[in-house]
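Here is a short report for a first look. It covers nonpolar cores and an annotated site.

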Amino acid sequence: MTSLLTENTEQLFHSSASPELFGAMWPGIKSETGLPEAPSGGQPGFLSFSTAYTSTQPGQLHYSYPSQGKPPPPPSPPPRSHTPSLQTATHTHTKTQSGSALLLPAGAALPQGVKDQDEVGRRNSVGKSKGKAKKSESSTPADSDLERIFLWDLDETIIIFHSLLTGSYAQKFGKEPATVLNLGLQMEELIFELADTHLFFNDLEECDQVHVEDVASDDNGQDLSNYNFPADGFNGPSSGAASGASTGVQGGVEWMRKLAFRYRRLKEIYSSYKSNVGGLLSPMKRDLLVRLQSEIEIVTDAWLNTALKSLLLIQSRGKCINVLVTTTQLVPALAKVLLYGLGDVFPIENIYSATKIGKESCFERIVSRFGKKVTYVVIGDGRDEEFAAKQHNMPFWRISTHGDLVSLHQALELDFL
C-alpha cells in the first residue's frame, strides 16, 4: 500500500506531460461562469492545506463579496510517520516554497498537523453591530466539547441554484439549458416571495447583518405576540427622516430597537418552520415547491441528497457541527436553507452571511466564538472560501463535481475528516 501511494503521488506531481490534468487538480480553477472547470476524467474529491493562492478571476455570482486580508506566513509541513512524505507541487500562477502546499488524494489520512490551527486575531466589528455583544455567539458548555467544525459554502456546494440561472450547470454537465433555466427562475421566485412575505426582506434588505443576533443587544425583550410590524413605521434605512419622531432616526435607539424586533421574529419563524417550510406557503406554492425539489434533484443528478449524506453524518457525531457561511445576504440565505430542506441541518445560530464583511472575517468571528482548540475544515467550490481557509490555516475541501461529494462522504465515513 505504501509503495502504491508513493508511486501514485510521484506520478501526480512529476507528470509534466499532462498540464491539463494538473490544472484540474489544482484548487481554485474556475470557469468564467463562476463554476470550476470540469475535470476530464471524473476527478475525486481532495483536501488542500496550503498557503499558495492564485489571483481571483472575474465571476458572476449574485451575492459575491471579495475576500480580505493579507496572506499569512507559510505553515510548517505536517509530519507523516506512517507514509512517505507527499511532495509539494508547482503551478504556473503560484510560487511554491518548501512545505507550503499539500494535496491529499481521497482515501489518504488527514495529517496530524492539520489539527493545529494558527493563532487568529480578535473578531472584527461589523456594521451597525460595532461594539455590540453577540449573545448567541458566546461559548456555551456544549460548544466547549466540540472537536471539529465544518464550515460549508451553500450555492454550488450543498445546493445547485445560481448556476441554474446562469446556464453554467447545463453547459458543464450537458443538460437542457431551457429546462434548467426555468427551474432556476421558479425557485428564485419562491425564495424571494418567502423572504419578502415572511422574513421581512423588504425591511431588512439594506439593513443586512452577518448573523441573526448581531443587533440582539438593542432588543428590550418586549413581547411581540401582538406586535404590529407593518404599522410600527419601520421601512428600512431611508425611513427615518421622512417618518419623523415616531419612527426614530436611522441608527437611533428607537430605530435599532425595531430592527432588533424584526431579527428576533425572523429567528422565531425560522426555528418554528425549519422542518416544515410548507406551513409558510399557500397550497399552490407548496405543491410547486415539492415539484421543483424533485425536478431539480433529477436534473442535478441528486446533488443535494449526495451532499446531505455528509451533512447528516457530521451531525450524527457527538462533537462535530456544521456551520454555513454564504455570500448570499442573510435573509435570502435563510429562505434558501428552508426551501431546500436544510433547516434541521443548520440551526439559525450556525448561519453566517459574508455579504458585508467577506468570508475571511466570518471565519474569524467563528473562531472567536468556538475557540482555537477546535479543528476547522472548510468545504466549498469557490475562491472566497479557499482564500479565507488559507488565511486562517484551515484545510479546504473543494467541491467541483458529484465525485467530490462522494469522496467527501467516504473520507468522513473512514474518519479521515
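Leaving aside neighbours within four places in sequence, which residues is Leu 342 in contact with? The partners are Leu 154, Ile 158, Ile 159, Tyr 270, Leu 304, Leu 308, Leu 311 and Val 337. Keep in mind that this is a predicted model.

**Cores**

Leu 342 belongs to the largest nonpolar core, which has 76 residues. Together with Trp 152, Ile 158 and Phe 346, Leu 342 touches the most other members. Helix H9 (residues 253-273) supplies the largest share of this core, with nine residues.

**Annotated site**

The unreviewed UniProt entry carries the annotation "binding site" for Asp 153, Asp 155 and Asp 381. These residues are spread over 229 residues of sequence, yet they cluster in space. The largest C-alpha distance is 8.4 Å.

Two of the annotated residues are set out here.

| Residue | Loop between | Relative accessible area |
|---|---|---|
| Asp 155 | strand E3 (148-152) and helix H4 (162-166) | 13% |
| Asp 381 | strand E6 (375-380) and helix H14 (383-391) | 5% |

Why does Asp 155 count as buried? Its relative accessible area is 13%, and buried means under 20%, so Asp 155 qualifies. Asp 381 counts as buried because its relative accessibility is 5%.

Asp 155 is also in contact with Asp 381.

Key. Residues are numbered from 1 along each chain as its sequence is written. This is a predicted model: local features need pLDDT of at least 70, side-chain atom pairs count only at pLDDT 80 or more; totals for chains, interfaces and linings use all residues. Side-chain values use heavy atoms; hydrogens and water are left out. A nonpolar core is a set of buried Ala, Val, Leu, Ile, Met, Phe, Trp, Tyr and Cys residues joined through side-chain atoms within 4.5 Å. Buried means under 20% relative accessible area, exposed over 50%, partly exposed in between (1.4 Å probe, protein chains only). Helices (H or I, at least four residues) and strands (E, at least two) are DSSP runs, numbered from the N terminus. Contact means heavy atoms within 4.5 Å. UniProt positions are given in the numbering used here, feature names are shortened, and annotations may be inferred rather than shown by experiment.
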